[in-house]
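This briefing concerns aromatic contacts and strand pairing in one protein model. Please consult the sequence and the structure shown below.

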Amino acid sequence: MKKAFIPSLILAASAMSSSAAITLVAGWDNFDDVLNATPTHLSGGTTATLTSAATGGNWDDWNNTTGHGSSDDGTFGSLSSFIAAASTVGGTASNQGTNLSLNRSRKPGTLTFNLTNTSGLDRTMDGFYFDAAGRFAESAKEWTLSFSGAISGSDATGTLTQGNLNGISAADRDKYVDLTGLTDNVWEAGQAAIFTLVFGPGPASTSTGGGQETVVDNIGITANVVPEPSSLSLLGLGICGLLLRRRK
């Protein structure tokens with residue numbers, strides 16, 4: 001029994017020091033204000049803003065045809081856990097506020113996410129999720145995600161599938177960027193992590209009218225909590241004390 005006691009404590013300490021809970025720190029699945037959308041999901045210890053811009057105007061927060069708008073799989077991209085169900089609205093007469101759409105004449109379009117860590121603990125960024133599709137030939141179907149502020153790394157890029165957001169398969173509309181491989185994915189306490197998501201340029205527009213949108217919905221960002229160094233030191237002191245008492 002005595003021989004097993006020390007290793008078991010060491011294993012417990014190791015598990016506690018390496019464990020970090022994955023949390024959806026900010027998520028958007030409804031859009032009440034295109035210019036400054038309020039997060040639909042926000043974890044404690046986080047503040048977050050989403051601002052948007054586009055050439056010759058801005059994004060819209062609706063699609064005017066039933067069924068073309070918000071995705072209905074109830075997830076943020078391929079993220080299906082840690083969260084309450086996302087909006088599952090499949091489309092209404094106006095789809096008002098259920099997704100973002102970028103008109104073909106306003107390409108490229110930019111979405112900027114500014115997250116501040118107010119938890120008092122360092123975190124590590126985990127993943128960036130979103131649902132998106134390019135409805136028609138002139139939709140902006142190329143996307144780039146870049147990083148600044150407390151985090152840095154090479155841009156992530158991809159191409160959208162053409163189709164209605166809730167008409168194509170989940171595999172085609174769900175986008176995921178792994179943030180664990182960034183050059184610096186540590187989101188220090190008190191610091192801002194900035195994500196810039198750009199759609200465009202896409203093929204030249206033949207008209208300035210409506211339609212031909214790029215549609216985006218269910219945006220989520222996850223992070224881990226890094227154990228506080230002082231907490232680990234106290235844990236180590238406690239284990240040493242237990243070991244000394246056991247040996248006596």
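How many residues of β7 are buried? Strand β7 is mostly covered, with 12 of its 12 residues buried; buried means under 20% relative accessible area, exposed over 50% and partly exposed in between, for a 1.4 Å probe and protein chains only. The model is predicted: local features need pLDDT of at least 70, side-chain atom pairs count only at pLDDT 80 or more, and totals for chains, interfaces and linings use all residues. Residues are numbered from 1 along each chain as its sequence is written, and side-chain values use heavy atoms, leaving out hydrogens and water.

**Aromatic contacts**
- Nine aromatic pairs are found in a search of the whole structure; rings of Phe, Tyr and Trp (its six-membered ring) pair if their centres lie within 6.5 Å, with planes under 30 degrees apart counted as stacked, over 60 as edge-to-face and the rest as tilted.
- Phe 128 and Phe 195 form a tilted pair, 5.4 Å centre to centre with 40° between the planes.
- This pair links distant parts of the chain, 67 residues apart: Phe 128 lies in β7 (residues 123-134) and Phe 195 in strand β12 (residues 192-199); strands are DSSP runs (E, at least two residues), numbered from the N terminus.
- Phe 128 counts as buried because its relative accessibility is 0%, and Phe 195 counts as buried at 0%.
- One aromatic cluster includes Phe 128, Phe 195, Trp 28 and Trp 143.

**Strand pairing of β7**
- β7 pairs with β13 (residues 214-225) in the antiparallel sense over 10 bridges; pairing requires at least two DSSP bridges between two strands.
- Met 125 has Ala 223 in β13 as its bridge partner.
- β10 (residues 174-178) runs antiparallel to β7, joined by five bridges, and Tyr 176 in β10 is the bridge partner of Tyr 129.

Technical notes: Helices (H or I, at least four residues) and strands (E, at least two) are DSSP runs, numbered from the N terminus.
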